Amino acid sequence: MTTVLTETIPPSLPTTTTISLDAYDEEQVKLMEERCILVTPEDKVYGEESKKTCHLMANINTGLLHRAFSVFLFRPSDGRLLLQKRADEKITFPSMWTNTCCSHPLSIKSELVEENQAGVKSAAIRKLPQELGIPSSQLKDEDFIYLTKIHYLAPSDGLWGEHEIDYILFSTLDVDLDLNPNEVSDAKYVSKDELEAMFSDSDNSFTPWFKLIARDLLYPWWDEMLVKSKVEGTGKVNARVLANGPKVGELIKMI
């Protein structure tokens with residue numbers, strides 16, 4: 001289930017922008033050429049545009065909306081969540097703590113597949129190695145549990161922002177890390193209490209989508225995951241366990 005805006009007609013495709021990226025990091029500028037999937041508020045695909053075009057507030061303010069995903073990866077041994085701190089070089093929301101991995105499926109055949117959320121899972125398996133250095137051999141489609149999708153809009157700095165249909169993926173999995181410093185400046189596993197303490201510390205800043213998901217979705221499912229781990233001695237969460245948790249659609253709010 002997804003929370004959607006009232007508009008149902010996709011906006012006109014944006015005109016080519018003349019915003020210069022010369023002041024930004026070279027590697028991050030290259031990523032701005034990636035082709036994001038354009039969707040209506042009902043998550044119906046109707047086109048593609050560059051990551052740069054999709055993240056300019058001038059286009060977002062016209063209603064331009066794209067598809068995204070957010071991965072929450074838990075360590076099976078203790079139920080701790082892996083957080084990352086976005087690198088200073090990031091063009092949007094730099095230097096902020098967020099969930100394990102958040103990015104976009106691209107407008108390519110493998111990541112456009114909608115059945116069983118295969119496209120967004122494929123995108124997650126592409127991005128986790130690129131950002132966190134997790135070996136792709138440690139990641140499989142079946143390791144990711146789709147919970148829901150949310151529709152949110154969040155400005156970054158006036159020029160840039162996010163406007164996404166965001167697919168939420170949970171996984172409990174042991175992985176090896178080798179951080180890409182151009183993407184991630186820090187990463188750590190946190191307990192529920194430790195995350196709450198981080199939120200209470202004014203020295204920390206967090207991405208708006210992570211704050212939204214943590215408030216309305218993460219904490220209830222976290223408890224379900226830990227119960228599963230203690231009862232069966234594994235960290236695996238499956239659809240049966242998730243079905244016993246809160247009604248996800250009732251938890252999601254619009255920013």
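In the predicted model, a polar atom of the Arg86 side chain lies 2.7 Å from the backbone oxygen of Thr92. Arg86 belongs to strand 4 (residues 81-86); strands are DSSP runs of E with at least two residues, helices are runs of H or I with at least four, and both are numbered from the N terminus. Arg86 counts as buried, at 6% relative accessibility (buried means under 20% relative accessible area, with a 1.4 Å probe and protein chains only). Apart from neighbours within four places in sequence, the contacts of Arg86 (heavy atoms within 4.5 Å) include Thr92, Thr98, Glu183, Thr207 and Trp209. The C-alpha atoms of Arg86 and Asp186 are 7.5 Å apart, with a separation of 100 residues in sequence.

Thr98 is located in strand 5 (residues 97-98) and is buried, with 0% relative accessible area. The Thr98 side chain forms a polar contact with the side chain of Thr207 at 2.7 Å. Beyond neighbours within four places in sequence, Thr98 touches Leu83, Gln84, Arg86, Thr207, Trp209 and Phe210.

The protein chain contains eight helices and nine strands. Of its 255 residues, 52% are buried. Among contacts between residues at least 6 apart in sequence, 71% join residues at least 24 apart.

Residues are numbered from 1 along each chain as its sequence is written, and side-chain values use heavy atoms, without hydrogens and water. Because the model is predicted, local features need pLDDT of at least 70 and side-chain atom pairs count only at pLDDT 80 or more, whereas totals for chains, interfaces and linings use all residues.

Conventions: Buried means under 20% relative accessible area, exposed over 50%, partly exposed in between (1.4 Å probe, protein chains only). A polar contact is a pair of N or O atoms within 3.5 Å; within protein, one must be able to donate a hydrogen and the other to accept it, and residues adjacent in sequence count only if both atoms are side-chain atoms.
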